[in-house]
Amino acid sequence: MTLRSAGRALTISSLSIVNETLAARVIDLGCGTGRLALGLAAAGHTVTGVDPARASLAAARAKPGADRVTWIEGTSAVLPDAAFDVAVMTSHVAQFFVTDTGWRQALADLHRALVPGGRLIFDTRDPRARGWERWNPADSRREVRLPDGRDVIATTDISAVADGVVSFTIDYAFSDETRLLSTGDLRFRTEDELRSSLRAAGYAVEQIYGGWNREPVGADDGEFLVIPRA
Ligand SMILES: C[S@@+](CC[C@H](N)C(=O)[O-])C[C@H]1O[C@@H](n2cnc3c(N)ncnc32)[C@H](O)[C@@H]1O
């Protein structure tokens with residue numbers, strides 16, 4: 001599966017899960033360039049997209065249909081109280097909350113922003129699959145054509161794995177010889193850690209799935225799909 005078709009499949013599956021709540025008020029936290037937020041708005045939901053990355057939001061705002069979404073540059077701290085029926089975090093946004101303090105705060109903010117019984121829907125990678133072991137320059141190589149006509153080859157390499165945190169570097173080599181290195185950390189939480197942190201933040205957690213098609217845990221390539229209720 002290519003990156004583009006994987007993205008399309010994720011959007012379709014996540015849309016159908018949100019669609020279980022009709023005409024919902026939806027917060028897309030970590031909305032990035034708005035792929036899901038725009039699809040949700042087109043499906044009739046009232047959508048707010050929040051992301052701290054200004055450049056991603058600028059790209060989202062430039063897309064067709066962007067005026068149907070409320071875009072906010074910021075984090076979960078900006079969310080109003082009891083204003084949403086559904087909150088989503090797709091493409092492993094949950095793993096960007098590396099520290100326990102940051103994760104607790106995000107869960108508390110989302111709980112405050114949801115109406116009682118509202119659903120939080122998010123994916124995160126199962127550490128038991130040890131997916132980071134395949135994040136090496138050979139296996140992770142991907143080539144993308146940019147809108148400005150340049151090609152870029154991106155490769156990922158791991159610099160450290162400790163205490164559930166995977167530190168990585170992405171090397172972007174552009175066809176005009178420009179080079180860009182980007183570093184980051186992602187937190188991998190176990191099913192027990194997810195359940196206990198969600199319970200502590202006041203959510204009711206039922207089944208945890210193994211992917212966006214509600215597969216059983218362990219059935220696919222190491223995903224969790226979590227749908228707790230506030
Ligand atoms: C892998 S992208 C996913 C984007 C989008 N959800 C999607 O499915 O295409 C992760 C996003 O999380 C955002 N992010 C990182 N830290 C965040 C935080 N503390 N609060 C909200 N979003 C954050 C990043 O800026 C980035 O846009």
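**Entry 1: Ala-83.** I started with the contacts of Ala-83, where contact means heavy atoms within 4.5 Å. Not counting residues up to four places away in sequence, Ala-83 touches Arg-25 and Ala-113. I found Ala-83 in the loop between strand S3 (69–73) and strand S4 (84–89). Helices (H or I, at least four residues) and strands (E, at least two) are DSSP runs, numbered from the N terminus. I also looked up a distance: Ala-83 and Gly-118 are 35 residues apart in sequence, and their C-alpha atoms are 9.9 Å apart in space.

**A note on the model.** This is a predicted model, in which local features need pLDDT of at least 70 and side-chain atom pairs count only at pLDDT 80 or more, while totals for chains, interfaces and linings use all residues. Residues are numbered from 1 along each chain as its sequence is written, and side-chain values use heavy atoms, with hydrogens and water left out.

**Entry 2: Arg-119.** Is Arg-119 buried or exposed? I noted that Arg-119 counts as buried because its relative accessibility is 6%. Buried means under 20% relative accessible area, exposed over 50%, and partly exposed in between (1.4 Å probe, protein chains only). Arg-119 is found in strand S5. Its side chain makes a polar contact with the side chain of Glu-20, at 3.0 Å. A polar contact is a pair of N or O atoms within 3.5 Å; within protein, one must be able to donate a hydrogen and the other to accept it, and residues adjacent in sequence count only if both atoms are side-chain atoms. Leaving out residues up to four places away in sequence, I listed the residues that Arg-119 touches, among them Glu-20, Asp-85, Arg-214 and Arg-229.

**Entry 3: Gln-105.** Next I went to helix H4, which holds Gln-105. Gln-105 is partly exposed, with a relative accessible area of 46%. From C-alpha to C-alpha, Gln-105 and Thr-33 are 24 Å apart in space, and they are 72 residues apart in sequence.

**Entry 4: helix H6.** Which residues of H6 are buried? In this helix (residues 191–200), I found Leu-194, Ser-197 and Leu-198 buried. Seen down the axis of H6, the buried residues fall within an arc of 100°, so they line one face of the helix. The arc is that of the directions from the helix axis to the C-beta atoms. The buried residues of H6 pack against helix H4 (100–113), strand S5 (114–125) and strand S11 (223–226). On the face turned away from the buried side, I saw the exposed residues Asp-192, Arg-199 and Ala-200. After H6 comes Gly-202, with a positive phi near 100°.

**Entry 5: Thr-155.** Thr-155 lies in strand S7 (residues 151–162). Thr-155 counts as buried, at 18% relative accessibility. Beyond its neighbours within four places in sequence, Thr-155 is in contact with Pro-137, Ser-140, Arg-141, Thr-169, Ile-170 and Asp-171.

**Entry 6: the ligand.** Which residues come nearest to the ligand? Of the 13 residues around the ligand, they are Gly-30, Arg-35, Asp-51, Thr-90 and Ser-91. An oxygen atom of the ligand is 2.6 Å from an N or O atom in the side chain of Asp-51. For the side chain of Thr-90, I noted 2.8 Å from an N or O atom to an oxygen atom of the ligand.

Methods
A residue is near a molecule or strand if one of its heavy atoms lies within 4 Å of it.
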